[in-house]
Amino acid sequence: MTANGGGQRTVSTSESDGARTESTTGDAPLGSPDIVDPVIEARDLDVYYGDDQALHGINLEIPEEQVTALIGPSGCGKSTFLRSINRMNDLIDIARVEGDLFFREKNVYDEDVDPVALRRKIGMVFQKPNPFPKSIYDNVAYGLRVQGQDENLDEKVHTALERAALLEEVEDQLDSSGLDLSGGQQQRLCIARAIAPDPEVILMDEPASALDPVATSKIEDLVEELAEEYTVIIVTHNMQQAARISDKTAVFLTGGHLVEFDDTDKIFENPESDRVEDYITGKFG
Ligand SMILES: Nc1ncnc2c1ncn2[C@@H]1O[C@H](COP(=O)(O)OP(=O)(O)OP(=O)(O)O)[C@@H](O)[C@H]1O
(Lines give C-alpha, C1' and ligand atoms only; values in the text may rest on other atoms or scores of the structure.)
Protein backbone atom coordinates (compact mmCIF):
# COMPACT_ATOMS: atom_id res chain seq x y z
CA MET A 1 0.00 0.00 0.00
CA THR A 2 1.18 3.50 -0.71
CA ALA A 3 -0.13 6.74 0.56
CA ASN A 4 0.42 10.36 -0.04
CA GLY A 5 1.04 11.95 3.33
CA GLY A 6 1.46 15.46 2.06
CA GLY A 7 -1.77 16.34 0.28
CA GLN A 8 -2.75 19.90 -0.45
CA ARG A 9 -4.64 21.41 2.40
CA THR A 10 -5.51 24.86 3.55
CA VAL A 11 -7.06 25.58 6.89
CA SER A 12 -8.39 28.88 8.10
CA THR A 13 -9.77 29.46 11.54
CA SER A 14 -12.74 31.67 12.19
CA GLU A 15 -11.83 33.74 15.23
CA SER A 16 -15.39 34.70 15.98
CA ASP A 17 -16.68 31.32 17.05
CA GLY A 18 -13.63 29.11 17.06
CA ALA A 19 -15.16 26.89 14.39
CA ARG A 20 -12.84 25.82 11.62
CA THR A 21 -13.76 26.38 8.05
CA GLU A 22 -11.67 24.68 5.47
CA SER A 23 -11.15 24.84 1.78
CA THR A 24 -9.48 21.97 0.01
CA THR A 25 -8.91 20.75 -3.48
CA GLY A 26 -12.03 18.53 -3.36
CA ASP A 27 -15.70 19.31 -2.85
CA ALA A 28 -17.20 19.07 0.60
CA PRO A 29 -20.37 16.98 0.70
CA LEU A 30 -23.71 18.76 0.90
CA GLY A 31 -24.69 19.64 4.43
CA SER A 32 -21.27 19.51 6.05
CA PRO A 33 -22.00 20.92 9.51
CA ASP A 34 -19.21 22.80 11.26
CA ILE A 35 -17.40 20.28 13.41
CA VAL A 36 -15.18 21.77 16.10
CA ASP A 37 -11.97 19.80 16.73
CA PRO A 38 -12.84 16.73 14.66
CA VAL A 39 -11.28 13.49 15.83
CA ILE A 40 -11.03 12.10 12.30
CA GLU A 41 -10.68 14.20 9.20
CA ALA A 42 -10.54 12.93 5.61
CA ARG A 43 -9.22 15.35 3.00
CA ASP A 44 -9.49 14.49 -0.68
CA LEU A 45 -9.25 10.83 0.18
CA ASP A 46 -9.14 8.44 -2.77
CA VAL A 47 -8.92 4.67 -2.35
CA TYR A 48 -8.16 2.26 -5.18
CA TYR A 49 -8.20 -1.52 -5.47
CA GLY A 50 -5.76 -2.08 -8.31
CA ASP A 51 -7.05 0.10 -11.15
CA ASP A 52 -10.55 0.42 -9.70
CA GLN A 53 -11.28 3.53 -7.67
CA ALA A 54 -13.55 2.72 -4.72
CA LEU A 55 -13.60 6.17 -3.07
CA HIS A 56 -13.46 9.55 -4.78
CA GLY A 57 -12.20 12.69 -3.05
CA ILE A 58 -13.80 12.09 0.32
CA ASN A 59 -13.89 15.14 2.61
CA LEU A 60 -15.36 14.42 6.01
CA GLU A 61 -14.89 15.52 9.61
CA ILE A 62 -16.01 13.18 12.37
CA PRO A 63 -17.04 14.78 15.69
CA GLU A 64 -15.85 13.58 19.08
CA GLU A 65 -17.98 11.41 21.37
CA GLN A 66 -20.88 11.13 18.97
CA VAL A 67 -22.18 8.32 16.79
CA THR A 68 -21.57 8.91 13.09
CA ALA A 69 -23.38 6.52 10.75
CA LEU A 70 -22.12 5.72 7.26
CA ILE A 71 -24.97 4.66 4.99
CA GLY A 72 -25.45 3.99 1.30
CA PRO A 73 -26.15 1.23 -1.20
CA SER A 74 -24.05 -1.90 -1.49
CA GLY A 75 -20.59 -1.33 -2.96
CA CYS A 76 -20.53 2.45 -2.46
CA GLY A 77 -17.39 2.26 -0.33
CA LYS A 78 -18.63 2.51 3.27
CA SER A 79 -16.45 -0.34 4.53
CA THR A 80 -13.52 0.86 2.47
CA PHE A 81 -13.76 4.26 4.14
CA LEU A 82 -14.06 2.69 7.59
CA ARG A 83 -11.00 0.50 6.98
CA SER A 84 -8.97 3.44 5.73
CA ILE A 85 -9.34 5.14 9.12
CA ASN A 86 -7.30 2.57 11.07
CA ARG A 87 -5.32 1.32 8.07
CA MET A 88 -7.01 -2.06 7.89
CA ASN A 89 -6.79 -1.59 4.11
CA ASP A 90 -3.02 -2.08 4.54
CA LEU A 91 -3.86 -5.78 4.84
CA ILE A 92 -5.28 -5.81 1.29
CA ASP A 93 -2.35 -6.02 -1.15
CA ILE A 94 -4.04 -4.21 -4.03
CA ALA A 95 -5.44 -1.37 -1.89
CA ARG A 96 -3.89 2.07 -2.38
CA VAL A 97 -4.75 5.29 -0.57
CA GLU A 98 -4.18 8.84 -1.77
CA GLY A 99 -5.01 12.06 0.02
CA ASP A 100 -5.06 12.67 3.74
CA LEU A 101 -6.65 10.97 6.69
CA PHE A 102 -6.02 12.70 9.98
CA PHE A 103 -6.54 11.28 13.46
CA ARG A 104 -6.24 14.15 15.92
CA GLU A 105 -4.48 16.18 13.23
CA LYS A 106 -1.84 13.52 12.57
CA ASN A 107 -1.92 11.89 9.16
CA VAL A 108 -2.32 8.16 9.84
CA TYR A 109 -0.50 7.41 6.57
CA ASP A 110 2.67 9.24 7.65
CA GLU A 111 5.70 6.97 7.62
CA ASP A 112 6.25 7.27 11.36
CA VAL A 113 2.77 5.93 12.24
CA ASP A 114 2.75 2.36 13.56
CA PRO A 115 -0.51 0.76 12.34
CA VAL A 116 -0.65 -1.58 15.33
CA ALA A 117 -0.39 1.33 17.77
CA LEU A 118 -2.94 3.23 15.68
CA ARG A 119 -5.42 0.35 15.99
CA ARG A 120 -5.11 0.50 19.77
CA LYS A 121 -6.46 4.05 19.59
CA ILE A 122 -8.95 3.22 16.82
CA GLY A 123 -10.50 -0.16 17.59
CA MET A 124 -12.73 -2.14 15.27
CA VAL A 125 -15.74 -4.43 15.56
CA PHE A 126 -16.72 -6.54 12.56
CA GLN A 127 -19.98 -7.71 11.06
CA LYS A 128 -19.65 -11.30 12.20
CA PRO A 129 -18.71 -11.78 15.85
CA ASN A 130 -15.19 -13.19 15.83
CA PRO A 131 -14.12 -14.11 19.36
CA PHE A 132 -10.86 -15.99 19.73
CA PRO A 133 -11.15 -19.70 20.69
CA LYS A 134 -10.18 -18.74 24.22
CA SER A 135 -11.92 -18.09 27.51
CA ILE A 136 -14.11 -15.00 27.91
CA TYR A 137 -11.47 -13.53 30.22
CA ASP A 138 -8.61 -14.21 27.81
CA ASN A 139 -10.52 -12.74 24.89
CA VAL A 140 -10.69 -9.41 26.66
CA ALA A 141 -7.22 -9.69 28.23
CA TYR A 142 -5.52 -10.69 24.98
CA GLY A 143 -4.86 -7.24 23.55
CA LEU A 144 -3.87 -5.86 26.93
CA ARG A 145 -1.28 -8.61 27.42
CA VAL A 146 0.13 -8.19 23.90
CA GLN A 147 0.55 -4.50 24.59
CA GLY A 148 2.15 -5.09 27.97
CA GLN A 149 -0.78 -3.41 29.71
CA ASP A 150 -1.18 -6.33 32.10
CA GLU A 151 -1.05 -4.51 35.42
CA ASN A 152 -4.46 -4.59 37.15
CA LEU A 153 -5.60 -6.98 34.44
CA ASP A 154 -8.64 -8.31 36.36
CA GLU A 155 -9.93 -4.81 36.89
CA LYS A 156 -9.43 -3.83 33.25
CA VAL A 157 -11.17 -6.99 32.01
CA HIS A 158 -14.11 -6.39 34.34
CA THR A 159 -14.38 -2.75 33.32
CA ALA A 160 -14.36 -3.60 29.62
CA LEU A 161 -17.02 -6.30 30.09
CA GLU A 162 -19.11 -3.88 32.11
CA ARG A 163 -18.84 -1.13 29.49
CA ALA A 164 -19.84 -3.66 26.85
CA ALA A 165 -22.96 -4.52 28.91
CA LEU A 166 -21.87 -8.14 29.24
CA LEU A 167 -20.42 -8.45 32.73
CA GLU A 168 -23.65 -9.38 34.52
CA GLU A 169 -24.32 -12.22 32.11
CA VAL A 170 -20.85 -13.77 32.24
CA GLU A 171 -19.20 -12.90 35.55
CA ASP A 172 -19.60 -16.45 36.86
CA GLN A 173 -18.18 -18.05 33.73
CA LEU A 174 -15.15 -16.02 32.80
CA ASP A 175 -13.17 -19.23 32.22
CA SER A 176 -15.69 -20.61 29.71
CA SER A 177 -14.97 -20.36 26.03
CA GLY A 178 -16.06 -17.17 24.29
CA LEU A 179 -17.33 -19.40 21.49
CA ASP A 180 -20.00 -20.87 23.79
CA LEU A 181 -21.80 -17.54 24.10
CA SER A 182 -24.82 -16.57 21.97
CA GLY A 183 -24.21 -14.49 18.83
CA GLY A 184 -25.26 -11.28 20.55
CA GLN A 185 -23.10 -12.03 23.58
CA GLN A 186 -20.16 -12.88 21.31
CA GLN A 187 -20.55 -9.50 19.60
CA ARG A 188 -20.59 -7.73 22.97
CA LEU A 189 -17.48 -9.75 23.90
CA CYS A 190 -15.81 -8.44 20.73
CA ILE A 191 -16.84 -4.92 21.74
CA ALA A 192 -15.32 -5.53 25.20
CA ARG A 193 -12.13 -6.74 23.51
CA ALA A 194 -12.05 -3.60 21.34
CA ILE A 195 -12.54 -1.20 24.25
CA ALA A 196 -10.22 -2.93 26.74
CA PRO A 197 -7.11 -1.05 25.54
CA ASP A 198 -9.10 2.19 26.00
CA PRO A 199 -9.28 3.44 22.42
CA GLU A 200 -10.60 6.87 21.45
CA VAL A 201 -12.50 5.72 18.38
CA ILE A 202 -14.51 2.55 17.76
CA LEU A 203 -15.21 1.57 14.16
CA MET A 204 -18.16 -0.77 13.68
CA ASP A 205 -18.89 -2.48 10.39
CA GLU A 206 -22.53 -3.57 10.47
CA PRO A 207 -22.11 -4.94 14.02
CA ALA A 208 -25.71 -6.11 14.35
CA SER A 209 -26.46 -7.44 10.89
CA ALA A 210 -25.85 -11.07 11.89
CA LEU A 211 -27.97 -10.81 15.05
CA ASP A 212 -31.61 -11.38 15.97
CA PRO A 213 -33.84 -8.39 16.86
CA VAL A 214 -33.35 -8.68 20.63
CA ALA A 215 -29.57 -8.92 20.34
CA THR A 216 -29.64 -6.08 17.79
CA SER A 217 -31.54 -3.86 20.16
CA LYS A 218 -28.95 -4.51 22.91
CA ILE A 219 -26.13 -3.57 20.54
CA GLU A 220 -27.97 -0.39 19.54
CA ASP A 221 -28.43 0.61 23.20
CA LEU A 222 -24.78 -0.14 23.79
CA VAL A 223 -23.62 1.96 20.84
CA GLU A 224 -25.45 4.97 22.24
CA GLU A 225 -23.89 4.39 25.67
CA LEU A 226 -20.42 3.98 24.22
CA ALA A 227 -20.68 7.39 22.57
CA GLU A 228 -20.63 8.96 26.03
CA GLU A 229 -16.97 8.00 26.22
CA TYR A 230 -15.85 7.14 22.72
CA THR A 231 -16.23 8.38 19.18
CA VAL A 232 -18.23 5.74 17.31
CA ILE A 233 -18.33 5.37 13.54
CA ILE A 234 -20.77 2.74 12.36
CA VAL A 235 -21.53 1.32 8.92
CA THR A 236 -25.08 0.12 8.65
CA HIS A 237 -27.43 -1.04 5.91
CA ASN A 238 -30.33 -0.46 8.21
CA MET A 239 -31.59 3.09 7.80
CA GLN A 240 -33.94 2.86 10.78
CA GLN A 241 -30.94 1.86 12.84
CA ALA A 242 -28.92 4.83 11.60
CA ALA A 243 -31.85 7.13 12.36
CA ARG A 244 -32.28 5.65 15.85
CA ILE A 245 -28.73 5.64 17.12
CA SER A 246 -26.61 8.16 15.25
CA ASP A 247 -26.03 11.87 15.75
CA LYS A 248 -24.51 12.49 12.33
CA THR A 249 -25.02 10.60 9.09
CA ALA A 250 -22.78 10.45 6.03
CA VAL A 251 -24.45 9.21 2.84
CA PHE A 252 -22.23 7.52 0.26
CA LEU A 253 -23.72 6.79 -3.14
CA THR A 254 -22.78 4.52 -6.01
CA GLY A 255 -19.33 5.04 -7.41
CA GLY A 256 -17.74 5.84 -4.06
CA HIS A 257 -18.84 9.44 -3.62
CA LEU A 258 -19.78 11.02 -0.31
CA VAL A 259 -22.84 13.03 -1.28
CA GLU A 260 -24.19 14.44 1.96
CA PHE A 261 -23.13 14.67 5.60
CA ASP A 262 -25.23 16.30 8.26
CA ASP A 263 -27.13 15.90 11.50
CA THR A 264 -29.01 12.62 11.30
CA ASP A 265 -32.40 14.32 11.75
CA LYS A 266 -31.67 16.61 8.83
CA ILE A 267 -30.58 13.76 6.57
CA PHE A 268 -33.71 11.75 7.30
CA GLU A 269 -36.22 14.61 7.40
CA ASN A 270 -34.97 17.12 4.87
CA PRO A 271 -31.86 16.10 2.90
CA GLU A 272 -30.30 18.59 0.51
CA SER A 273 -29.68 16.09 -2.27
CA ASP A 274 -32.52 14.62 -4.35
CA ARG A 275 -30.46 11.46 -4.77
CA VAL A 276 -30.14 11.12 -1.02
CA GLU A 277 -33.87 11.67 -0.62
CA ASP A 278 -34.53 8.94 -3.22
CA TYR A 279 -32.20 6.59 -1.39
CA ILE A 280 -33.68 7.32 2.04
CA THR A 281 -37.22 6.86 0.77
CA GLY A 282 -36.32 3.55 -0.83
CA LYS A 283 -36.58 4.60 -4.47
CA PHE A 284 -33.26 2.84 -5.12
CA GLY A 285 -30.49 0.96 -3.36
N1 LIG B 1 -10.56 -6.46 -1.12
C2 LIG B 1 -11.07 -5.89 -2.23
N3 LIG B 1 -10.51 -6.10 -3.43
C4 LIG B 1 -11.01 -5.54 -4.56
N5 LIG B 1 -12.09 -4.73 -4.58
C6 LIG B 1 -12.69 -4.49 -3.41
C7 LIG B 1 -12.23 -5.06 -2.19
N8 LIG B 1 -13.04 -4.64 -1.17
C9 LIG B 1 -13.98 -3.85 -1.76
N10 LIG B 1 -13.77 -3.77 -3.09
C11 LIG B 1 -14.58 -3.01 -4.04
O12 LIG B 1 -14.65 -1.66 -3.62
C13 LIG B 1 -15.96 -1.13 -3.77
C14 LIG B 1 -16.49 -0.66 -2.43
O15 LIG B 1 -16.64 -1.79 -1.59
P16 LIG B 1 -17.05 -1.66 -0.06
O17 LIG B 1 -17.06 -3.04 0.52
O18 LIG B 1 -16.20 -0.64 0.59
O19 LIG B 1 -18.53 -1.10 -0.19
P20 LIG B 1 -19.69 -1.08 0.89
O21 LIG B 1 -20.45 0.16 0.66
O22 LIG B 1 -19.14 -1.30 2.26
O23 LIG B 1 -20.55 -2.34 0.42
P24 LIG B 1 -21.50 -3.29 1.28
O25 LIG B 1 -22.59 -2.41 1.81
O26 LIG B 1 -22.01 -4.26 0.27
O27 LIG B 1 -20.67 -3.93 2.35
C28 LIG B 1 -16.80 -2.25 -4.41
O29 LIG B 1 -16.82 -2.06 -5.79
C30 LIG B 1 -16.03 -3.49 -4.04
O31 LIG B 1 -16.22 -4.49 -5.01
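Helices (H or I, at least four residues) and strands (E, at least two) are DSSP runs, numbered from the N terminus. By this count the chain holds 10 helices and 13 strands. The model is predicted, so local features need pLDDT of at least 70 and side-chain atom pairs count only at pLDDT 80 or more, while totals for chains, interfaces and linings use all residues. Residue numbers start from 1 along each chain as its sequence is written.

A residue is called buried if 20 or more other C-beta atoms, placed from the backbone, lie within 10 Å of its own, exposed if 12 or fewer do, and partly exposed in between. In the chain, 44% of the 285 residues count as buried, and the C-alpha atoms fill a box of roughly 55 × 45 × 45 Å along the principal axes.

Strand E12 (residues 248-253) is largely enclosed by the rest of the structure, because 6 of its 6 residues are buried. In a regular strand the side chains alternate between the two faces of the sheet. On one side of E12 lie Lys248, Ala250 and Phe252, on the other Thr249, Val251 and Leu253, and all of them are buried.

Two strands are said to pair if DSSP finds at least two bridges between them, and the table lists two partners of E12.

| Partner of E12 | Sense | Bridges |
|---|---|---|
| E6 (residues 67-71) | parallel | 4 bridges |
| E13 (residues 257-263) | antiparallel | 6 bridges |

Val251 of E12 is the bridge partner of Ile71, and Val251 also stands opposite Glu260 in E13. The hairpin of E12 and E13 has 3 residues between the strands, and in this hairpin Gly255 takes a positive phi near 100 degrees.
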